[in-house]
Amino acid sequence: MLALRVNDGALLGLIGKWLRAGILEEDGRIEHPESGTPQGGSVSPVLANVYLHYVLDLWFERRMRTRYRGQSRLFRFADDFVCCFDYRHEAEAFEAALAERMQKFGLELAADKTKGIRFGPWGGRHNGRFDFLGFEFSWGRGHRGQPTIQRRTSRIMFRWLNQRSQRRSLTWSAFNRLLKRFQVPPPRVVERTTGVRRLSGLPERSLKQRSPVKLFGEHYRAACA
């Protein structure tokens, strides 16, 4: 996959040595895994991101989206991703195809983190909630009563602290006291979506002059075969 865009043989050889390097365990043993990237290696996140780009992103964009009648979207950051579909039967069909695709490349989905939910502006009480990149997403009502997506932090630290024993040992009130004691600042929403700021001095282009952004080049086609 790297060789599709990297022509430097020395760099490819160095990465190959990195993948074949042994892992030093705490007891002094050196293990040589047959596959995968070294746990904790600085190059591992980069290689995993490249791997999923071909395994998941291009496959979804070039092969799967053309099969569906409704709209579909994929949002991925590192190894976390969310897929959206207009129709339930198409979402279920994709989930089955995804498991087969992952198995083909030696990957598997985390069963405890994978689920299908209804999520739309008119779903009402049937809508579900999901966590993505530290935020919980849900549907609610805006200031004028219109359906809008609401976001709040997952506060995942509360769950981590409760995993210290087999029984739940921390309540929300006690957790809030801890935050106050250690002066943990509350999260602030800093995103602005009211408009797009245009730099001064740049000419305004008409719609005919604006060309769509090409996310995938011609050399990617071979990876989707």
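## Aromatic cluster

Trp59, Phe60, Tyr68, Phe85 and Phe94 form one aromatic cluster. Rings of Phe, Tyr and Trp (its six-membered ring) are paired here if their centres lie within 6.5 Å, with planes under 30 degrees apart counted as stacked, over 60 as edge-to-face and the rest as tilted. By this criterion the structure contains nine aromatic pairs. The model is a predicted one, in which local features need pLDDT of at least 70 and side-chain atom pairs count only at pLDDT 80 or more, while totals for chains, interfaces and linings use all residues. Residues are numbered from 1 along each chain as its sequence is written, and side-chain values use heavy atoms, with hydrogens and water left out.

## Ring pairs of Phe85

One of the pairs joins tyrosine 68 and phenylalanine 85 in an edge-to-face arrangement, at 5.4 Å centre to centre and 85° between the planes. This pair links distant parts of the chain, 17 residues apart: tyrosine 68 lies in the loop between α2 and β3 (72-77), and phenylalanine 85 in strand β4 (residues 80-85). Helices (H or I, at least four residues) and strands (E, at least two) are DSSP runs, numbered from the N terminus.

Tyrosine 68 has a relative accessible area of 12% and is therefore buried, the classes being buried under 20%, exposed over 50% and partly exposed in between (1.4 Å probe, protein chains only). Phenylalanine 85 is also buried, at 19%. The ring of phenylalanine 85 also pairs with that of phenylalanine 94; the centres are 5.2 Å apart and the planes stand at 45°, so this pair is tilted. Phenylalanine 94 is buried, at 3% relative accessibility.

## Packing of α2 against α3

The axes of helix α2 (residues 44-64) and helix α3 (residues 88-104) come within 11 Å and cross at roughly 135°. Axes are lines fitted to C-alpha atoms, for helices over the stretch in contact, and angles run from 0 to 180 degrees between N-to-C directions. The two helices are therefore oblique to each other, since angles under 35 degrees count as roughly parallel, over 145 as roughly antiparallel, 65 to 115 as roughly perpendicular and the rest as oblique.

On the α2 side, the contact (heavy atoms within 4.5 Å) is made by Tyr54, Val55, Leu56, Trp59, Phe60 and Met64, and on the α3 side by Phe94, Ala97, Leu98, Arg101 and Met102.

## Surroundings of His32

Histidine 32 is located in the loop between β2 (30-31) and α2, and is exposed at 57% relative accessibility. Beyond its neighbours within four places in sequence, histidine 32 contacts Arg20, Ala21 and Gly22.
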